[in-house]
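Here's a quick briefing to read with the model open beside you. Take a look, then work through the points by topic.

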Amino acid sequence: MFPTDLLYTPSHEWAKIEGDTATVGITSFAQEQLGDITFVDLPAIGATVTQGKEFGSIESVKAASELYSPVSGEVVEVNADLDGAPELVNQEPFAGGWMIKVKLSAKPEGLLDAAAYEENAKSCH
Amino acid sequence: MENLFVTPLNAWHKAHGAKMVPFAGWEMPVQYSGIIAEHQHCRSKACIFDICHMGEFSLKGPGAKDALAKAVTQNLDTLAPGKCRYGFLLNPEGGVLDDLIVYRIAEDEFMLVVNGACIDSDFATIASRLPAGLEFTNISEQTAKIDLQGPASLEVLKGLLPGEWEKLGYFSFVKTAFGEVEIIVSRTGYTGELGYEFYLPASSAGDLWEALAADPDVLPAGLGARDTLRLEMGYPLYGQDLDTKHTPGAAGYAGMLTSTAEYVGKPRALDAPEKLIALSIEGRRSARHHDVVALPGGEVVGVVTSGSFSPSLGHSVALAYVKAEAADAAEFVVKTAKVELPARKVDLPFYQGGTARKKLNG
């Protein structure tokens, strides 16, 4: 159900770790729960993010929610497409809806694999 | 979700992928395919809405008009049979207990349509204001309400019902037949689009819903799209934009209070230490209910009562109560949990393209 090459947080973010860089987004489960996404607030390139801490926020028609970083490091790229088309997060949460790329300052600890995350998501219903 | 009321269409909603939420004591669909898709479909084609949670009362008997005119704000002297009118139920202080539509069914017969959360309290309040000898009945349980809204509504309905309703003007209605049962077709709605509200026996709700849903131009829409559609028109939602702390005058309805009857709350119905204003916000970030409204200089002057991203306009809009002395300012700032959003006061409706008042040939 969830891509096995990603790692996950209980708060429904994902990280794809390739070498010393991680791509970060939110899961298909999260976007489904949020409904139509209308705005994504992301940090600037060069900002520092910390695992478990807020790195931005996301708004849907009905609610606003915080985004928590699955990794620690420096933001090296931000998905500018989400400015005009936040619905990409609904349409392609694991692809075109990615949010930030982070140059890792530390190895992330305690992230969930796909199977563990799926168990976690099930219990959220 | 326990102890929630369910409408006759509850099983249909669940079978068709609706996300169900508690609303005003009812388990209701908030969305099917998605709020924005449903919203856009209603503005371009047509959507159906299950509104069975709303309440209906019947009032009959000699003198019903004069008695009702003392209970609600509607001017009933100028309301002919076959017409309906929006207005308010007030407390003695002029505060809004509910907003409601009064239908004049016949010379001495009316139907009142009230909000789902207010059914019991409205019924008790109105009953206490009526003299003995009138037949006043809560018909909410046996009455289903389904809304068909959108520019394609007329064409959709043509295939379904005999044509007496086709010439209806805005805020007019007719009783006709849907198969074996009587149905009221009312040219009204809560979206700003051409459309109809239907009242029929609850036992026939499923048949009408299925027949409407079978039209390829029709999609079911939930309360989420209903809320964004009504907000784009600036229509108030009871419990947010209307409440007992504010009068019709404060909410911007002074011009509608033309009744010459001495209805409860009338002496104070125009009191307006605060006024409801419409705010246009640049950008997609939304103001939300309870966000603080300030003047650009920082002085706090009010609070947001409704706010959302507007799917039709591509930016956010809000309604807010602000102190009367600040209500004429052109620029405001909405303080959300995270940021301050510059907001500009605008005239309603936010969305100007609605087809609700469209003149129909006939």
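Let's start with a charged pair: B:Lys145 makes a salt bridge with B:Asp147, their closest N and O atoms sitting 2.8 Å apart. (A salt bridge here is a side-chain nitrogen of Lys or Arg within 4 Å of a carboxyl oxygen of Asp or Glu.) Both B:Lys145 and B:Asp147 are buried, where buried means under 20% relative accessible area, exposed over 50% and partly exposed in between (1.4 Å probe, protein chains only).

Some ground rules. This is a predicted model, so local features need pLDDT of at least 70 and side-chain atom pairs count only at pLDDT 80 or more, while totals for chains, interfaces and linings use all residues. Residues are numbered from 1 along each chain as its sequence is written, chains are lettered from A and ligands numbered from 1 in the order in which they are written, and side-chain values use heavy atoms, leaving out hydrogens and water.

**Other salt bridges**

- Over all chains, the whole structure holds 27 salt bridges.
- B:Asp77 and B:Lys65 pair through their side chains at 2.6 Å, N to O. This pair links distant parts of the chain, 12 residues apart: B:Asp77 is in the loop between H3 and E5 of chain B, and B:Lys65 is in helix H3. (Helices, H or I of at least four residues, and strands, E of at least two, are DSSP runs numbered from the N terminus.)
- B:Asp77 is exposed, at a relative accessible area of 53%.
- B:Arg104 meets B:Glu107 in a salt bridge of 3.3 Å, N to O, and B:Arg104 is buried at 5%.

**Around B:Asn75**

- B:Asn75 is in the loop between helix H3 (64-69) and strand E5 (84-90) of chain B, and is buried with a relative accessible area of 9%.
- A polar atom of its side chain lies 3.1 Å from the backbone nitrogen of B:Asp77.

**Helix H4 of chain B**

- Buried residues of H4 (residues 119-129) are B:Ile119, B:Asp122, B:Thr125, B:Ile126 and B:Arg129.
- Those buried residues fall within an arc of 140 degrees seen down the axis, so they line one face of the helix. (The arc is that of the directions from the helix axis to the C-beta atoms.)
- On the other side of H4(B), B:Asp120 and B:Ser128 are exposed.

**Where chains A and B meet**

- 20 residues of chain A are in contact (heavy atoms within 4.5 Å) with 15 residues of chain B.
- There are five salt bridges between chain A and chain B. B:Arg288 forms a salt bridge with A:Glu59, with the closest N and O atoms 3.2 Å apart.
- E6(A) gives the most to the side of chain A that touches chain B, with four residues.
- A salt-bridge network links A:Lys62, B:Asp227, B:Arg230 and B:Asp241.

**A:Pro86**

- A:Pro86 sits in the loop between H2 and helix H3 (88-91) of chain A, buried with a relative accessible area of 0%.
- A:Pro86 and A:Thr38 are 48 residues apart in sequence but 5.7 Å apart in space, C-alpha to C-alpha.

Key
Polar contact = N/O pair within 3.5 Å; in protein donor to acceptor, adjacent residues only side chain to side chain.
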